[in-house]
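Try each task yourself before you read the solution.

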Amino acid sequence: MRRLIDVGELPGEKVGTRHRLLLRDVLEYQQQRRARQDEALAQPAVPIDD
């Protein structure tokens, strides 16, 4: 999670020594990641020739 915050993929803020995230941001990130995974799985691993 910290790496995602550091690279800007997930909004969050550091408060003291802890990082704080909003639940809606985490759920949105999770949904986007699942969509990317579904798209990748829909692609054939090897080209299919007729």
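**Exercise 1.** Find which residues Asp-25 is in contact with, leaving aside its neighbours within four places in sequence.

*Solution.* Start by locating the residue in this predicted model: Asp-25 is found in helix H2, which covers residues 23-42. Next, set aside the neighbours within four places in sequence; Asp-25 is then in contact with Leu-10 and Pro-11.

**Exercise 2.** Which side chain of opposite charge is nearest to Asp-25, and how far away is it?

*Solution.* The nearest such side chain is that of Arg-24, 4.1 Å away. Now bring in the cut-off: a salt bridge needs a side-chain nitrogen of Lys or Arg within 4 Å of a carboxyl oxygen of Asp or Glu. Asp-25 has no salt bridge, yet this residue is buried.

**Exercise 3.** Work out how many salt bridges the rule gives, and name the partners.

*Solution.* First, the idea behind the search: side chains of opposite charge can pair when their charged atoms come close. The count comes to one salt bridge. Its partners are Asp-6 and Arg-2, with 3.9 Å from N to O. Then look at where they sit: both Asp-6 and Arg-2 lie in helix H1, four residues apart, which is about one turn of the helix.

**Exercise 4.** Are Asp-6 and Arg-2 buried or exposed?

*Solution.* Recall that exposed means over 50% relative accessible area. Asp-6 has 53%, so Asp-6 is exposed. Arg-2 has 55%, so Arg-2 counts as exposed too.

**Exercise 5.** Describe the place of Gly-12, its accessibility and its contacts.

*Solution.* Begin with the place: Gly-12 is in the loop between helix H1 (2-7) and strand E1 (13-15). Because its relative accessible area is 38%, Gly-12 is partly exposed. Not counting residues up to four places away in sequence, Gly-12 touches Ile-5, Arg-20 and Leu-21.

Terms used:
Residues are numbered from 1 along each chain as its sequence is written. This is a predicted model: local features need pLDDT of at least 70, side-chain atom pairs count only at pLDDT 80 or more; totals for chains, interfaces and linings use all residues. Side-chain values use heavy atoms; hydrogens and water are left out. Helices (H or I, at least four residues) and strands (E, at least two) are DSSP runs, numbered from the N terminus. Buried means under 20% relative accessible area, exposed over 50%, partly exposed in between (1.4 Å probe, protein chains only). Contact means heavy atoms within 4.5 Å. Lys and Arg count as positive and Asp and Glu as negative; His and the chain ends are not counted.
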